[in-house]
Amino acid sequence: MAEAEKTIEIEVLRYRPEQDATPVLQSYRVPFTDDMSVLQALQYIKDHLDGTLSFRWSCRMAICGSCGMMIDGKPKLSCKTFLREYHLARLRVEALAHFPIERDLVAGVDDFIVKLESIKPYLIPKEPRRLEQGEYLQTPHQLEQYEQFSSCINCMLCYAACPQYGLDSKFTGPGVLALLHRYNADSRDGGREQRMELVNAEEGVWSCTAVGYCSEVCPKAVDPANAVNQNKVNSARDYFLRFLRPRGTSK
Amino acid sequence: MSPPRNAAVSGRRPYMRSMNGWWRRDPFFVRYMIREATALIVAAYALVLLAGTLCLSQGEAAWNSWLAAMRSPLSVALHVLMLVAMIYHAYSWFEIMPKTMPAMFVGGKRVAAVTIKPWLVQMLEVALARRMCCSRACRVRVKPGLPSASSVRPTNRPGMWCT
């Protein structure tokens, strides 16, 4: 006979716009095994206890960036967080902080997508090459300049960790600025002038006060705080170089 | 946040949570706020020193009264508190410093942030140790061409009691 089934209580901050004026907590008791993730617990709730619960997920292996949520107040990927870390205690899940709640654990990310598009997150070739000229070559040293920042999966945990974004959502924010730096630091890219305008703006790097929590919560070790703060130096350099370069293109 | 497009059709009604008391939500934010708050104490100490400079410019009596004020038990207690606050403030910036630096390469290899931090702390310690050591020397003779002729008197070393 198997031992008594182990269970854990999961509190979910629910919000159904058609019936709830404000979000409300709802508790579920879920059986758990040592290898169960928080995402699996939510899937158990949806399949067996309450089919109306909404949450985003896709890959279940920390690469799609869909299942970010606040787990006991900390921004985490629910597929990468295990119930065993919370066993015997109650666990509370909530939609990503600093974003509007669309429904239950689904955060509204329109603002993030608009910002992501604004930084031109793609290579703008420095010199156009024809097919017969071959590929764009890069040394390992040039690759290392941006490689870490290219690991971003757009999970937005860094936004949920950034109080400056929470207090004023005009701030471009850590993740998008890290991606901006990823392209600016790429030796093959020639779009720096176009992107520096966004870096130099009040809503660009200068809204960051070096809290540093974005880098702590990043599941991919991108270190967005490093990208943002390196660009404070770049932005200051840009500002002073304007005086030396009368034909400078920065506006 | 602008209202969602065609909200009436889709039934979207995004709910924005309050940011009230945000800095108490996570110990990380509390530490951040202490870093910011201790900056005010650093500024306050600058004012104390500025007052001393002003007193110095006003003559001996003013300077001596400032010195006396600095020696009062209240002032000593405040100095201890301010020292603790300043040490924490300096430490917190060493904590965040690797995040503000461009990538470092040594021998073609990238240096990890976890390596940079101990280096910075060591630099601070060496800076402080040298300051404490040199301030004890009464007489220093330096002869770069003949090191054995160089001398520091009294020959105190850090950790030795001054006689």
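Reader: What share of the 251 residues in chain A is buried?
Author: Buried residues account for 40% of the 251 in chain A; a residue is buried if 20 or more other C-beta atoms, placed from the backbone, lie within 10 Å of its own, exposed if 12 or fewer, and partly exposed in between. This is a predicted model, in which local features need pLDDT of at least 70 and side-chain atom pairs count only at pLDDT 80 or more, while totals for chains, interfaces and linings use all residues. Residues are numbered from 1 along each chain as its sequence is written, and chains are lettered from A and ligands numbered from 1 in the order in which they are written.

Reader: How many helices and strands does chain A have?
Author: Chain A has nine helices and seven strands. These are DSSP runs numbered from the N terminus, with helices (H or I) of at least four residues and strands (E) of at least two.

Reader: What is the strand order in the open sheet of five?
Author: The order is β2-β1-β5-β3-β4 in chain A, with mixed pairing; two strands pair if DSSP finds at least two bridges between them. At the edges are β2 (24–31) and β4 (74–77) of chain A, each pairing on one side only. From one strand to the next, the twist averages 35°.

Reader: And how many bridges join β3 to β4?
Author: Four bridges join β3 (residues 68–71) of chain A to β4(A), and the two run antiparallel. In this pairing, A:G68 stands opposite A:L77 of β4(A).

Reader: Which strands does helix α1 lie across?
Author: Helix α1 (residues 38–49) of chain A lies across β1 (7–14), β2, β3 and β5 (91–94) of chain A, and runs at about 95° to β2(A). Axes are lines fitted to C-alpha atoms, for helices over the stretch in contact, and angles run from 0 to 180 degrees between N-to-C directions.

Reader: Turning to domains, what are the bounds in chain A?
Author: The assignment gives domain 1 (7–107) and domain 2 (110–244); such bounds come from an automatic or database domain assignment. The centres of the two domains of chain A, taken over C-alpha atoms, are separated by 30 Å.

Definitions and conventions. Contact = placed C-beta atoms within 7 Å.
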